[in-house]
Amino acid sequence: MQALITGITDQDEVYNEKIVEVWDSVKPKREFLYIDELIKADEFLMNLDKKIYNKNILLMCSYINAGISEEIIIKKLANLAKETVGYMGKISFSPSKPVGNQRKFIDSKILKKFEFNLKMSLKEGQKKLTKTI
């Protein structure tokens with residue numbers, strides 16, 4: 001996410017380019033989580049009663065995923081980043097470049113068993129991230 005936003009702002013402000021090339025096709029899906037949300041989930045789990053924790057996890061499970069259960073395709077993500085930073089140029093996609101996995105989605109069902117839900121939307125997290133870059 002940060003690389004996409006930085007790439008768009010650099011192309012616009014530093015290089016004065018009107019086209020940003022994204023090394024991906026438009027189809028892969030991704031899920032993102034703003035770091036503040038991960039911290040909230042970690043604090044919640046660390047403060048959870050050990051009996052409740054043990055009752056709800058699998059015996060051999062050494063991790064708990066934290067995600068917002070909201071996927072977005074790369075094309076929409078790039079357009080959202082473009083909108084967030086106010087970029088007026090075009091975005092082109094290069095499927096001939098390395099694409100990576102078609103889908104990266106986090107299974108957060110264990111965290112949801114504890115009735116803990118992450119609340120920050122992708123758009124809200126992207127706006128906060130843009131302010132820090």
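This is a predicted model: local features need pLDDT of at least 70, side-chain atom pairs count only at pLDDT 80 or more; totals for chains, interfaces and linings use all residues.
## Working through the strands and a surface patch

**Exercise 1.** Let's begin with β1: which strand do bridges join to β1, and how many bridges are there?

*Solution.* Step one: the partner is strand β4, residues 90-93, and four bridges link the two. Step two: β1 and β4 run parallel.

**Exercise 2.** Sort the residues of β1 by face: which are on the covered face and which on the uncovered one?

*Solution.* Start with the general idea: side chains in a regular strand alternate between the two faces of the sheet. Now go through β1, residues 19-22: V20 and V22 make up the covered face, while I19 and E21 lie on the uncovered face.

**Exercise 3.** Work out the strand order of the open three-stranded sheet, then find what packs on it.

*Solution.* The order is β3-β2-β5, and the pairing is mixed. That puts β3 (71-73) and β5 (103-104) at the edges, each pairing on one side only. Next, β2 (residues 29-31) is joined to β3 by three bridges, and these two run antiparallel. Here E31 faces E71 in β3. Finally, helix α4 (residues 74-85) packs on the sheet and touches β2 and β3. The directions of α4 and β3 make an angle of about 85 degrees.

**Exercise 4.** Is I39 buried, partly exposed or exposed?

*Solution.* First find I39: helix α2, residues 35-46. Its relative accessibility is 40%. Buried means under 20% and exposed means over 50%, so I39 counts as partly exposed. Together with I35 and L38, I39 makes a nonpolar surface patch of about 240 Å².

Terms used
Residues are numbered from 1 along each chain as its sequence is written. Side-chain values use heavy atoms; hydrogens and water are left out. Patches are made of residues with over 30% relative accessible area and no salt bridge: like charges are joined within 9 Å, nonpolar side chains (Val, Leu, Ile, Met, Phe, Trp, Tyr) within 5 Å. Accessible areas come from the Shrake-Rupley method with a 1.4 Å probe; for residues, only the protein chains shown count as cover. A salt bridge is a side-chain nitrogen of Lys or Arg within 4 Å of a carboxyl oxygen of Asp or Glu. Buried means under 20% relative accessible area, exposed over 50%, partly exposed in between (1.4 Å probe, protein chains only). Two strands pair if DSSP finds at least two bridges between them. Contact means heavy atoms within 4.5 Å. Axes are lines fitted to C-alpha atoms, for helices over the stretch in contact, and angles run from 0 to 180 degrees between N-to-C directions.
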